[in-house]
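Have the sequence and the model open while reading.

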Amino acid sequence: MNGSNHPPPRVDPGTLLQLDGDDWSFGRSLTPGVHVDVVLVRLRTDLAHLSDEWMWVLGHRPQCEYTHVEQHPPCLELRVRITALRRYGPTR
Ligand SMILES: [Zn+2]
């Protein structure tokens with residue numbers, strides 16, 4: 001994989017991420033600096049420009065009823081601090 005770099009955080013799909021304004025940035029149609037709850041779909045590991053500090057996250061709003069509607073693309077995409085993601089999963 002990517003050798004000497006730290007492995008990316010691993011968080012299970014369906015995990016509820018509760019992110020303060022400091023924990024994320026650049027959310028699609030989100031107001032910067034507010035608290036955001038995200039039900040994780042997956043962490044994006046397919047981007048060439050991965051950083052040591054940030055990771056793109058795909059997910060759903062808890063209130064979007066994603067379990068009741070036809071499968072739809074993740075309605076949230078935002079860049080999250082890796083230190084925040086590590087609160088939710090093993091560090092290996
Ligand atoms: Zn959704």
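Two strands pair if DSSP finds at least two bridges between them. Helices (H or I, at least four residues) and strands (E, at least two) are DSSP runs, numbered from the N terminus. This is a predicted model: local features need pLDDT of at least 70, side-chain atom pairs count only at pLDDT 80 or more, and totals for chains, interfaces and linings use all residues. Residues are numbered from 1 along each chain as its sequence is written.

**Overall plan**

The chain holds 1 helix and 5 strands. Along the sequence they follow the pattern β-β-β-β-β-α. The chain has 92 residues, and 18% of them are buried. Buried means that 20 or more other C-beta atoms lie within 10 Å of the residue's own; exposed means 12 or fewer, and partly exposed lies in between, with C-beta atoms placed from the backbone. Two residues are in contact if their C-beta atoms, placed from the backbone, lie within 7 Å. Among contacts between residues at least 6 apart in sequence, 54% join residues at least 24 apart.

**The sheet**

The 5 strands form an open sheet. Their order is S1-S3-S4-S5-S2, and the pairing is antiparallel. S1 and S2 stand at the edges with a single partner strand each, so one side of each lacks a neighbour in the sheet.

| Strand pair | Bridges | Sense |
|---|---|---|
| S1 and S3 | 4 bridges | antiparallel |
| S3 (residues 36-43) and S4 (residues 54-60) | 4 bridges | antiparallel |
| S4 and S5 (residues 76-81) | 6 bridges | antiparallel |

Individual residues show how the strands line up. Leu16 stands opposite Val39 in S3. Val39 in turn has His60 as its bridge partner in S4. Leu40 is bridged to Gly59 in S4. Further along the sheet, Met55 faces Val80 in S5.

**The core**

Which residues touch the most other members of the largest nonpolar core? They are Leu19, Val38, Leu40, Val57, Leu78 and Val80, out of 15 residues in that core. S1 (16-19), S3, S4 and S5 each supply at least two residues of this core. S3 gives the most, with 5 residues. A nonpolar core is a set of buried Ala, Val, Leu, Ile, Met, Phe, Trp, Tyr and Cys residues joined through C-beta atoms within 7 Å. In soluble globular proteins, nonpolar side chains tend to be buried together.

Not counting residues up to four places away in sequence, Val38 touches Leu17, Leu19, Val57, Gly59 and Leu76.

**The helix**

Helix H1 spans residues 82-85 and includes Leu85. Is Leu85 buried or exposed? Leu85 is buried, because 23 other C-beta atoms lie within 10 Å. Leaving out residues up to four places away in sequence, Leu85 touches Pro9, Val11, Met55 and Val80. Leu85 and Gln18 are 67 residues apart in sequence, yet 9.8 Å apart in space, C-alpha to C-alpha.

Most residues other than glycine have a negative phi. Phe26 is not a glycine, but has a positive phi of about 55°. Phe26 lies in the loop between S2 (24-25) and S3. Phe26 is exposed, with 12 other C-beta atoms within 10 Å.
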